[in-house]
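Here's a quick briefing to read with the model open. We'll start with the sheet and then move on to the ligand.

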Amino acid sequence: MPQILDGNRVRDEIKAELKPRIEALAGRAAPPGLAVVLVGNNPASEIYVRNKIKACHDLGIYSESITPPGSISTEELLAIVRDLNRRAEIDGILVQVPLPSQVDTKRVLLEVSPEKDVDGFHPCNVGRLVAALPGPRACTPAGILELLKRYRIPIAGKRSVVVGRSDIVGKPVALLLLQQHATVTICHSKTPDLPAVCREADILVAAMGRAAMITSDYIKQGATVIDVGTNRLDTREDVARIFRNSPQKLASFDKRGSVVVGDVHPLDVAEKASAYTPVPGGVGPLTIAMLMFNTVAAAERRAGIC
Ligand code: NAP
């Protein structure tokens with residue numbers, strides 16, 4: 001039986017480790033503080049932000065959400081970020097993307113002070129990652145490394161293939177695996193014979209946003225498979241096809257009107273991998289845990305603790 005890499009368990013471990021650090025900060029100066037900027041009314045973003053604020057609340061991190069209207073201009077949003085940069089009680093600033101089309105997203109993200117960039121997206125922090133210097137790492141990739149570390153999956157000397165080259169997942173996770181001495185290949189939509197490249201992987205990371213695309217012929221027997229994808233299946237036909245008429249999944253679809261699936265085929269991976277992350281319950285829970293981690297680390301730097 002393959003090992004299921006349980007993201008909920010690791011999330012709970014990370015949060016439990018953060019609690020005494022947060023208490024120490026609160027006792028010494030002030031609790032860590034996170035500001036989340038949510039522009040407009042994107043329903044998916046609203047759910048993400050609600051979950052982030054709730055995680056702060058559960059841990060005793062001060063949080064603030066700033067919700068300007070969807071009509072905001074780039075200059076107005078820059079002014080909000082500059083104000084947050086100045087405020088001493090705010091250790092972390094997260095600008096929820098996507099931003100409305102009239103806003104220059106790159107300019108806004110560049111304005112976030114690198115010291116308060118708890119997403120790890122600022123070019124200064126990307127540079128620190130490339131140079132293997134300490135600094136905040138992008139949350140989802142950092143969560144994947146925590147998961148591998150805590151399940152004692154060997155990385156050094158292993159062949160690793162990352163499918164997807166985005167700035168928020170593919171590239172940073174590839175760099176983190178490289179730092180842990182894996183031999184890393186990054187693939188994308190123009191990679192020829194993708195299944196053959198993926199079959200070389202001892203550690204395969206799928207981050208494309210393509211429902212159940214990684215089937216049996218992409219997976220080496222005994223590989224560790226990390227599924228970052230979060231895709232919603234909206235038709236009963238898709239659910240029946242991908243989950244091979246699973247009565248439980250069809251019942252779940254009938255009840256909720258959709259079913260979530262990763263980028264890896266959920267049945268094929270269970271047959272070929274030695275360890276894998278389920279969807280949901282694998283990588284997903286770790287992203288917010290690592291956001292909390294980055295916020296606490298930023299507050300500790302401010303307080304001169306590390
Ligand atoms: P993205 O920015 O859309 O990037 C997708 C990448 O996949 C691109 O590099 C693209 O290649 C590549 N790709 C697309 N189709 C491909 C194909 N058929 N063959 C090979 N490569 C292909 O996506 P992202 O933001 O990295 O997110 C990826 C997935 O992870 C999404 O499902 C997203 O929802 C999920 N996600 C989950 C979490 C979490 O917390 N669990 C966090 C972030 C993202 P090109 O560069 O050539 O276009």
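**The sheet and its ligand**

Strand β5 (residues 159-163) runs parallel to strand β7 (residues 203-206), and 4 bridges join the two. Strands here are DSSP runs of E, at least two residues long, and helices are runs of H or I of at least four, both numbered from the N terminus. This is a predicted model, where local features need pLDDT of at least 70 and side-chain atom pairs count only at pLDDT 80 or more, while totals for chains, interfaces and linings use all residues. Residues are numbered from 1 along each chain as its sequence is written, and side-chain values use heavy atoms, with hydrogens and water left out.

**Sheet**
- The open sheet has 6 strands in the order β1-β11-β8-β7-β5-β6, with parallel pairing; two strands pair if DSSP finds at least two bridges between them.
- β1 (3-4) and β6 (183-187) are the edge strands, each with a single partner, so one side of each has no neighbour in the sheet.

**Ligand**
- What surrounds the ligand? There are 21 residues around it, the closest being R165, S166, S189, T230 and T287; a residue is near if one of its heavy atoms lies within 4 Å.
- That shell splits into 8 nonpolar, 11 polar and 2 charged residues.
- The R165 side chain puts an N or O atom 2.7 Å from a ligand oxygen.
- From the backbone, a polar atom of T230 is 3.1 Å from an oxygen of the ligand.
- Taken alone, the ligand exposes 920 Å², and the protein buries 70% of that (Shrake-Rupley method, 1.4 Å probe).

Methods
A polar contact is a pair of N or O atoms within 3.5 Å; within protein, one must be able to donate a hydrogen and the other to accept it, and residues adjacent in sequence count only if both atoms are side-chain atoms. Ala, Val, Leu, Ile, Met, Phe, Trp, Tyr, Cys and Pro count as nonpolar, Asp, Glu, Lys and Arg as charged, and the others, Gly among them, as polar.
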